[in-house]
Structure formats: structure tokens, C-alpha cells
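Please work through the exercises below with the sequence and the coordinates at hand. Each task is followed by a stepwise solution.

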Amino acid sequence: MATAGIYYIDTLNFADATAVYSDEALTTFAPDGFYQMGGVTARQQVSGILKPAEPCPSCPPPTPDPVLPTNNAYAITDTVTGAADHVVLNSSFSLQTEVTTSINANCWLITAATVNATTKTITGPCIRTPDPDPLYYQLNICPVSASTSSNTSIYVDQNQAPTSTQFIYLDTTTQAYYSYNNIAPVTSLLPGIPIVDTLALTQLTACPDVPTVYTYWNAQECIDPNNTIVVRAPENTSFIEGTTSVKINGSETCYQITTQRIGSAITFDGIYAGTAYTGCTSGASPCIPQAIVFNSFVATNIDTSVAYDVQIGNGTQGDQTQISVASGCYQLGIQTTRTTTNVITSPCQTEASCETYELQVGTYQIKECSSGVLKNITVVSNVFDNQLQCSSIVPIASGSAPAATLRGPCQSTDTDNNYYYRVEPCSGGGSITVNNGLSILEANAIQITGQGDTCYKVLGTTNTADQTYTPSGGFSSCAACNPPACFPIAVEFAAGRDTCPTGGSTTVWSSTNSLVTASKLYSTQQNCQSNVGTAATGTYSFTFTNAGGQLEKISRYWNGSSLEAQQPCNAGVDVTATITQINNNTGSSEGVGYTLTGSSLGSTITGPPPLGISGFNTNIKVNDGFTLTPSSKSITYDPNVDINSDTNITVTIDAEILEDPSTYVYTVTTCGTSLNYRVSSETSYGMNSVVVFRLNSNGQDTCGRIINITTASNPQGNIFSDVTNQGGCFFNLCISDGGPDGGPGGLI
């Protein structure tokens, strides 16, 4: 028997419906079965499909359907967000129409007529704004592609719009590269410029390099003209044939350009290194510079810093010595090319301890024990001055004065316990006498009972007391008695060299209250006032308010005796180490016995301070025919410490490079002049062979005939060509003038 129920259909009439649903949203099909809505016909639903109506005479009429409420609303969907809602039914608009509503400004699609209590209304039809015309970007072909048959300009649509960092495209069909050059996009295309969609956006930020056209030059080695090569150089490189000298990449060997090679061959032996020299050894900038000859040291007085040039002789850099031009002790510093008549005389004398000495007749230089002040004294007769010697360290002989005689420790001239001393205020004024039960050294300072904090300097002893005072305290000096003002400085510290320490907060003391102006650092206030006990060696950083009212941070390196120049702590401040000088102590010459590799003249290392110089990698490659004595090579850099400012670096190469002994030594008599020479060769030659050899003494190339094989050492030259079968002594290069004796038979 049929059962009445509430179901939903997707049309206004059951006869037109396609399915029956159990929910108002029309998302769930009603169960399979027969459905009727009035009348005597029914429609069967199978899996959500209503079949055609069919009579059902055996079925009793169903209970009449309840009267359905009249539709009063439309179900609508937001075309932007997809949200569902309802509006009051408006017969002016039909299903599947887009309208505007009182809900929001979006367009809504009417999807169904429903029963729904709502106050939201349709406000009108939805009128969409037409999409804008598409944009096109013009690209221009890259120079590297200019020789292809591709279009010189093309368009890409806005789907391939160039970005700020990627603007080089590759046409995958023609393999041509195109560049976007910030041309404004257009909607109307220029005639003759096609739209291309076979493009790939590359990672390039510039057009590929245009292939370089090269020229090729014949060149001969400056040291050995028989060694020839072909050098490749960029097109339009200009050389003066027969004069210009060059180097090739990866080598320090110098070559003289002879001629430009003509033809299409592209083979070469080396690539032009980029610098053209005025000649092998001549001109304003020769490829092989003249060796630097050092003639003198800069000698600096260790006490006064006065400097003189002295001849390089029996001394090395860092020695302390006496010199002929002035008295005193001087330290030998850097070498110079300057000439001088000043010479090193003898090492400085070593200072002795504070004792009592007997002086002989002569002039002496002494240093006071307490103050460290140097004095010159002259003895006109033998004297044993106990008080004078007790107040000095050691007589340092000046000129021809004889050595002083050690007499023992300092002793007082008094024989009882009454020690009288003449003193004067440290600030200046008249002297007075004090009586003390213990001895006081000259230049010490005291305070006196009843005289407050006034400090007095001890001038010396006296055996008479016209007026006596009693000391209340003793000090090593006036400075210790009335110490200078010292200030604490809050800093950050790191042991060793550091660009700018952070953390490690500590306090140091100095005569100023700022690390910017300080000259020395002390560990405590007392040490600062006494000029002892300096702060730990390392890098200190300091934050202060600069003249602009801004916080600024700097760092300074303290080496235990002085502060180096301040370095800013700002990021990005770099220093550079540059190799400006190479000292060659190899026993050979570059290009002959060895080739310099790695870091050479002009090589630099740049980075934030402190910058280590370990990045330099100077080395030598021993050439054929030479041998490096085992364990003899040493390559050092000066200075060899981390640097905090731009610094010139000197490379010193110490090595023993020996020429390999020749296998054969011959006696050769020259063609035409009959002069005999011993010459070497690694090749065996027969008797009477005519050879061309080069003399070591003058580089002269000479022809001669082998007359003997000898075991003699120290050959005078070496054979480099055999012309026996090319005319012998009548070989065309052997019959010109210019032999070693000026006569015929020399080689051109």
C-alpha cells in the first residue's frame, strides 16, 4: 500500500522531473520504488532515475498528497565564493540567471525555486565588466644569435611576462636567445613582429657572451730565443713586432713578440696574460725588471729613535749594533737601495746590573738605576765615587774609555745609624735635610711627618744636618708618591687578534677614560699609577658616543707595550694584503732555474680584519736541467702575522737550485779562429762534428769542430745544434763575422 510522504523534485511538475530527492538541497536521492503525485499513474525510480509514467490499476489510490506550499524564494549561489543563500522570489528573473542581491556586490546564480522565509532580495541583473585586452611584451634577439635566421624582434603574451630577475628567453625551435629590455607592454601589435610561444625562460640575467675573435702571434722566449711558441690574444690586440714582450697565463716566463701569424689556423701554445711590456729587459716597463740591489740598512737608535743609513755589512736585520756616524746603540731595520758611507762598527754592549763600579780616566755613558736616564760623565783622574756608582746601573763605554771595574754592591758612606738626606719638593722648591734610620736610594721619594701629602725627591746623602725632619713614608719615585690620574675603561676582550670582540667584558685602566685616546693599558689602577702590570695582550673593543651623538664601536690590539690603530667594528670593512716585493735567494734566476707559480708580484688577499696571509701560495717549479737540493726550499712572508690594515707583503724565496751536470763535455775549436772551449751536451757527438754552442760568459753563439772528449768540469758553454751535415763550418750561419775574438767564424 502506498504511503504518503514529503519528497523533493528538480522541476515544478512531477511529470517533468528527472529524480526524486529526500532533501531540499537535492543532494540525496529518495529510495528506489514507485512514486505518484495525484492521478492514477506512477513512476518508478531506480538509482536516482525516474522512469516514464505507467498506469497502476492494481494499486489502490494513494492517500492524497498534502498541499505543498507555494514557492516564495529562489536558491542562489555566489559566483565568487560559492556560498549558498536565498532571496525573495522575483518572477522577473528565471533560473540559471546571474543577478545582484542585497547580500553583497558579487554576482549570484539562481539555481532553484524554493520555499524559504527570507528578506534578502534581488536588486538587478548582473552585468560583468569585459576582460581587458591581453598584453604583449616585445623581446629583441641577443647579439650571440644575430647570425641566425630568427626574427630580430618577437612578442610574448602576458602569461610569459618577464620578471625583474629573469629576462633572457631561449626559442627552443630556433635556439635563438632573446632579451627583454624594459619595453612597455602593448595591446596592439606592430606589423612584422610575430607572437612566439616556443620560448623557455632561462636563468640568465644577461645575453650570452658573444664569442671572442682571436689573433695569433709568433713569439720567442726572452732568455732562450730558440724556444718559440704561438700566443693567442683577443682581436684588436696591438703588439710592436720585435719589441713587445708578454707573458702567458699560468707562467712567469717572458716572450718577445716576433710576428703575427697569418692564416686560419687556431692552434696555440699559450694565452696572452693581458699585460704588454715595452721589451724583455728594456723600456719603461720591461717584462724582466732589473734586480733590486740593496745597499744599506736603516739603523734606529733604541733610545732616541734617531735613524741613519748604514752600509750592509757584518749585520742582519734586527741586530743591535754601534755605527760609525754616531754614538749609542742602533737596531738594524729595513734594507734600502740608498748609498752611504756610514758603516757598522761593533755590537752594542750589554748592560750590567746596578752595582758599585770604579771608573778609569775617560768618558762614559751611564744609566741611572731609579729613573733610567742616560748620562755622559768624564773622569779626569782615577776615582772611586761610591755614591755616584750606587745611583747608576752600568757604565757603558763611550768612545775609547776603558772598562769599569766592579767593586761590589752599593754601600752608604755613613758608619752609624743616622742617615741624612737632602730632599726637595717634587713640584720644585728649596731643599731640606731629613734624618732616617734606614738608607734611601737617590731619586726615591718620601713624605715627611707634619707636611701632609707633599712629596719630596731624594737628592743624595749629606753628613750634616742643619735642620732635620722625619720621613713618614717612602716611594720609589715622585710619580709613585703622587701617582698620575688613572681612569677605568669598560671594554670587551678576546685573547689574540680579533676583528671586534663581543663578550668577555672587563675593565682596564689608562691615563684617559677612552680606549680611543688611550696609549697604554693596565690591569689595575695602582699598576696604572706605577706604570707596571700592563693589561693582558689581545684585542679590546669599546663602545662610545661619537660626535654625531650615535653609539660607535671600535677595537684596538694591545701587544703588551703599545696599542695599534683603532679598527671600526662595522661589517664590510675589508683590508688587503699585497705582494709588492720578492727576494730571490735561490742561487739561480727565475725563468732559468725555476718558474714562479702561485702568488706572485701584485697578488692580493682581501677580507675583514684581522686578515690572515695564509691564502698566499707562492711556490717554485724547477725547470728541466736543474735540481732543487732536497729539503732546502723555504718560502716566507713578511709580515707573517694577521693584519688589520692594508699591508705590503715581501716574499723571500730561499732555495738551492743547481744546474744538472752534463753527460758529455767536449773540447771544441772554433771555425776560422781556432780558439778552444770546453762545452757540454746531453747528446753524444762524434769526433770532428761541427756544432753550434753558446758561451756562458757573453751569450755568444759560435760554430766549432769537436776535437776531443774530456772529463773536465766547469764547461764554458753548451751545444744546442749539430750542423755537420748542413755544410759544417761553411753552414750559412757559420760564415759571418762576429766570433768571440771579433774575427770570422762567429754565428749570426
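This is a predicted model: local features need pLDDT of at least 70, side-chain atom pairs count only at pLDDT 80 or more; totals for chains, interfaces and linings use all residues.

**Exercise 1.** Determine which strands pair with β10 and in which sense.

Solution. Step 1: strand β10 covers residues 108–114 and pairs with β7, residues 73–78, in the antiparallel sense over 6 bridges. In this pairing, A73 lies opposite T114. Step 2: β10 also runs antiparallel to β9, residues 98–101, to which 2 bridges join it. Here V99 has W108 as its bridge partner.

**Exercise 2.** Classify the ring pair of Y21 and F29, and state whether each residue is buried or partly exposed.

Solution. Step 1: the model holds 13 aromatic pairs. In one of them, Y21 and F29 lie 5.3 Å apart centre to centre, with 25 degrees between the planes. Step 2: planes under 30 degrees apart count as stacked, and the pair of Y21 and F29 is stacked. Step 3: Y21 is buried because its relative accessibility is 11%, under the 20% cut-off. F29, at 44%, is partly exposed.

**Exercise 3.** Classify the ring pair of Y666 and Y685, and locate both residues.

Solution. Step 1: the centres are 6.1 Å apart and the planes form an angle of 65 degrees, an edge-to-face pair. Step 2: Y666 belongs to strand β51, whereas Y685 lies in the loop between β52 and β53, 19 residues apart. Step 3: both Y666 and Y685 are buried.

**Exercise 4.** Identify the rings over which the charged ends of R43 and R694 sit.

Solution. Step 1: the charged end of R43 sits over the ring of F14, 5.7 Å from its centre. Step 2: for R694, the ring is that of F720, with a distance of 4.9 Å to its centre.

Methods. Residues are numbered from 1 along each chain as its sequence is written. Side-chain values use heavy atoms; hydrogens and water are left out. Two strands pair if DSSP finds at least two bridges between them. Helices (H or I, at least four residues) and strands (E, at least two) are DSSP runs, numbered from the N terminus. Rings of Phe, Tyr and Trp (its six-membered ring) pair if their centres lie within 6.5 Å; planes under 30 degrees apart count as stacked, over 60 as edge-to-face and the rest as tilted. Buried means under 20% relative accessible area, exposed over 50%, partly exposed in between (1.4 Å probe, protein chains only). A charge sits over a ring if NZ of Lys or CZ of Arg is within 6 Å of the ring centre and within 35 degrees of the ring normal.
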